[in-house]
Amino acid sequence: MFKGYKAFNSDKTNRYGFPFESGNTYSVDGEIKFGNEGNGYHLCTSISDVFRYVDADSVDNYVIAEVYGFGDYKQFDDDYEGYYDMYSVRHLYIKKFLTRDEVFEIIKKLHEWQIMKIIKTSKLLPNEIEYIKDKYKSNVSIICALLYYQLD
């Protein structure tokens, strides 16, 4: 069993419209495969990789859950794009859906290269942008990315 994060539509459904609830375990039959044509429940062990799978133009478009995957699984790493430790699992337990504040508390603890991925792939709230600007004020790459991806 391993901890991870999974993104859902804002109504807590997946891309196929299937609803999910906190405290429930979901399972699939058949061979576990990764990808759009795969079989299993996808999750990422780093929250920075989750944003690859959401319409992150607005924080209102999605919700992120803390999850646990177990049973048979397939791992996928996309070295070219810098996304790691993504899984398709047979069993998925939804521990809880996170508030935006809880998500950002997790983001605050990430490495700079993970912060950079989030800046490039997700719309940040004004207070989140200010926090990152202040924390990384001497990091030219992060400041430039904020200006380009977040502040137009």
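**Entry 1: the term I need**

A salt bridge is a side-chain nitrogen of Lys or Arg within 4 Å of a carboxyl oxygen of Asp or Glu. I keep in mind that this model is predicted.

**Entry 2: the whole chain**

I started with the overall layout. The protein chain has five helices and five strands. Along the sequence I read the pattern β-β-β-α-β-β-α-α-α-α. Along the principal axes, the box is roughly 50 × 30 × 25 Å. Of the 152 residues, 42% are buried.

How many salt bridges does a search of the whole structure find? The search finds nine. I recalled the general idea first. Side chains of opposite charge can pair when their charged atoms come close.

I then picked E66. E66 forms a salt bridge with K3, and their closest N and O atoms are 3.9 Å apart. E66 sits in strand β4 (residues 62–78), while K3 sits in strand β1 (residues 2–9). The two residues are 63 residues apart, so I note a link between distant parts of the chain.

K95 forms a salt bridge with E66, with the closest N and O atoms 3.4 Å apart. K95 belongs to strand β5 (residues 83–97), 29 residues from E66. This pair, too, links distant parts of the chain. Shared partners join K3, E66 and K95 into one network.

Is E66 buried or exposed? E66 has a relative accessibility of 8%, so it counts as buried. K3 is partly exposed at 39%. K95 is partly exposed at 40%.

**Entry 3: D49 and K117**

I looked up another pair. D49 forms a salt bridge with K117, and the closest N and O atoms are 2.3 Å apart. D49 lies in helix α1 (residues 47–50), and K117 lies in helix α3 (residues 112–121). The pair therefore ties together parts that are 68 residues apart in sequence. Both ends are covered. D49 is buried, with a relative accessible area of 2%. K117 counts as buried at 10% relative accessibility.

**Entry 4: a loop residue**

Where is N139? I found N139 in the loop between α4 (126–135) and α5 (140–150). N139 counts as buried because its relative accessibility is 16%, and the cut-off for buried is under 20%. Its side chain makes a polar contact with the side chain of E112, at 2.8 Å.

**Entry 5: the largest pocket**

Last, I turned to empty space. Rolling a probe the size of a water molecule over the atoms shows where empty space is left. The largest pocket has a volume of about 630 Å³. Its lining is made of 28 residues. Which of them lie nearest the centre? They are K6, N14, R15, Y16 and H42.

I sorted the lining by class. I count 15 nonpolar, ten polar and three charged residues. I then asked which elements contribute. β1 and β3 (41–44) each supply at least two residues of the lining. The largest share comes from β1, with five residues.

Definitions and conventions. Residues are numbered from 1 along each chain as its sequence is written. This is a predicted model: local features need pLDDT of at least 70, side-chain atom pairs count only at pLDDT 80 or more; totals for chains, interfaces and linings use all residues. Side-chain values use heavy atoms; hydrogens and water are left out. Helices (H or I, at least four residues) and strands (E, at least two) are DSSP runs, numbered from the N terminus. Buried means under 20% relative accessible area, exposed over 50%, partly exposed in between (1.4 Å probe, protein chains only). On a 1 Å grid over the protein atoms alone, a cavity is a set of points where a 1.4 Å probe fits but cannot get out, and a pocket is an open set with protein on both sides within 12 Å along at least five of seven lines; lining residues have an atom within 4 Å of a point. Grid points are joined across faces, edges and corners, and a volume is the space filled by probe spheres set on the points. Ala, Val, Leu, Ile, Met, Phe, Trp, Tyr, Cys and Pro count as nonpolar, Asp, Glu, Lys and Arg as charged, and the others, Gly among them, as polar. A polar contact is a pair of N or O atoms within 3.5 Å; within protein, one must be able to donate a hydrogen and the other to accept it, and residues adjacent in sequence count only if both atoms are side-chain atoms.
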